[in-house]
Amino acid sequence: MMSGDGLVVRIRPPMGRLSRPQAGAVAALSRRFGNGILDLSARASLQLRGVRPEDHAALIAALQDHGLVERDAGVEARRNLLLTPFWAAGDRSQRIAADLSARLAAAPDLDLPGKFGFAVDAGDSPVLQQVAADIRIEGAGEALTLRADGADLARQVTEQTAAAAAIALARWFLAEGGAPEGRGRMHRLIARRGPPPAHDAPGATSAYTAAPGPLAGGRLVALEFGQLPAATLAALANAAPLRLTPWRMLLLEGVSDIAALPGLILETPDPRLQVSACTGAPGCLQAQAQTRALARDLAPMLPAGLHLHVSGCAKGCAHPGAADLTLTATGPDTFDLIRGGRADARPARRSLSATTLRRTPDVLTKDT
Ligand code: SF4
């Protein structure tokens, strides 16, 4: 994908994991072929930025050599699978993800939209319900359910039937006209069509929220704006294998403590966790203004508990849902303010300058 600073190249490692050598290789490739900056996306993929078009083929070949990109482009496109970062070697989540990956690889006729994805979230309780996914395999203690995104009810499955049932549900989505002209998402089909046949069991529910800090199996570290400097990735590669998460955080396997590194947020509370901001100008071709410097400056001034999203345009990539406060750029130094809505919602205030926002951050929450 072309962006304002060159090509963006997405890596979706198998099982969402980078071994230490793989992480070190990605850091080196980012410096060699890109601009030394990586982004961690809300789908838990790692994106190298600033890649020169003439280097694209060599970069992909190097990533294939490290087992990070499939040699078959169709298999790579279909393997849109998000796995709970808290899987353990040989556990239910990992076994189902391996089964589903193999079935997706063996289904070249399964022509799903590019953004259509699966979530394998089969621990004791789901952790990925706030993350976009079209088909979800979710655990609730011993039980396991398959759920179409947007449906309240689910279908009970077993570890042995889950992956095949997920593929069948994807085929049902296509057969029911969920992707006219190759585009569409499950929740839109469910809103029109209702739940799939035999989906009549209660689904698992959970309000899991991730936070940086130690936990069983390692330590979560957050990335400021989801951005990872290659030098920081290289340092992390020396410390531990990494698991990518959809929360703009990395899980460092087996590590309880880590030294401070540029771009890392190690503990809560940290005001930077209250803001999200997309790439903005000049890195994104659609951006109307810079975003991250403003978000960084406003973060310490936000009332506790409020989340601010600064978006370079109305697309709202960094926070697709509603936020407490959203500043949507409309020009090089003008932002519309939306309260309790998405980046494209009706503004409460229009054309606020970055200077006004920095000098009088009260305008975010007060009308006068
Ligand atoms: S929200 Fe707009 S400016 Fe920001 S990354 Fe997305 S397309 Fe670019």
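**Notebook: loops, strands and a charged patch**

I started with methionine 15, which lies in the loop between S2 and strand S3 (17-18). The model I am reading is predicted. Phi of methionine 15 is near 60°. That is a positive value, and the residue is not a glycine. The cut-off for buried is under 20%.

I then looked for another case of this kind. Glutamate 181 also has a phi near 60°, again positive in a residue other than glycine. I located glutamate 181 in the loop between helix H5 (162-175) and H6. Buried or exposed? Glutamate 181 has a relative accessible area of 80%, so I noted it as exposed. The line for exposed is drawn at over 50%.

Next I moved on to H6. Helix H6 covers residues 186-193, and arginine 188 lies in it. Which residues form a positive surface patch with Arg188? I listed Lys115, Arg183 and Lys315 as the other members. I checked how open arginine 188 is. Its relative accessible area is 46%, so arginine 188 is partly exposed. Patch members need over 30% relative accessible area and no salt bridge.

**The open sheet**

I traced a sheet of five strands. The sheet is open, its order is S1-S2-S5-S4-S14, and the pairing is antiparallel. Which strands sit at the edges? I found strand S1 (2-3) and strand S14 (227-229), each pairing on one side only. Inside this order I followed one pair more closely. Strand S2 (residues 6-11) and strand S5 (residues 46-51) run antiparallel and are joined by four bridges. I picked out arginine 10 and looked for its bridge partner in S5, which is glutamine 47.

I took strand S9 (residues 143-148) as my next reference point. How many of its six residues are buried? I counted five, and I noted S9 as mostly covered.

On one pairing, S9 meets strand S8 (residues 135-140). The two are antiparallel, with six bridges. Arginine 136 stands opposite arginine 147 in S9. I then checked the turn. The hairpin of S8 and S9 has two residues between the strands. In this hairpin, glycine 141 takes a positive phi near 65°.

S9 also meets strand S10 (residues 153-156). Here I found two bridges, and the strands again run antiparallel. What stands opposite threonine 145 in S10? I read off glutamine 156. S9 and S10 form a hairpin too, with four residues between them. Glycine 150 in that turn has a positive phi of about 95°.

**Cis peptide bonds**

The bond from threonine 268 to proline 269 is cis, with omega near -5°. I placed proline 269 in the loop between strand S17 (264-265) and strand S18 (275-277). I noted a further cis bond, which joins alanine 281 and proline 282. Its omega is about 0°. Where does proline 282 lie? I found it in the loop between S18 and helix H8 (292-298).

Notes:
Residues are numbered from 1 along each chain as its sequence is written. This is a predicted model: local features need pLDDT of at least 70, side-chain atom pairs count only at pLDDT 80 or more; totals for chains, interfaces and linings use all residues. Side-chain values use heavy atoms; hydrogens and water are left out. Buried means under 20% relative accessible area, exposed over 50%, partly exposed in between (1.4 Å probe, protein chains only). Two strands pair if DSSP finds at least two bridges between them. Patches are made of residues with over 30% relative accessible area and no salt bridge: like charges are joined within 9 Å, nonpolar side chains (Val, Leu, Ile, Met, Phe, Trp, Tyr) within 5 Å. Accessible areas come from the Shrake-Rupley method with a 1.4 Å probe; for residues, only the protein chains shown count as cover. A salt bridge is a side-chain nitrogen of Lys or Arg within 4 Å of a carboxyl oxygen of Asp or Glu. Lys and Arg count as positive and Asp and Glu as negative; His and the chain ends are not counted. The place of a charge is taken as NZ of Lys, CZ of Arg, CG of Asp or CD of Glu.
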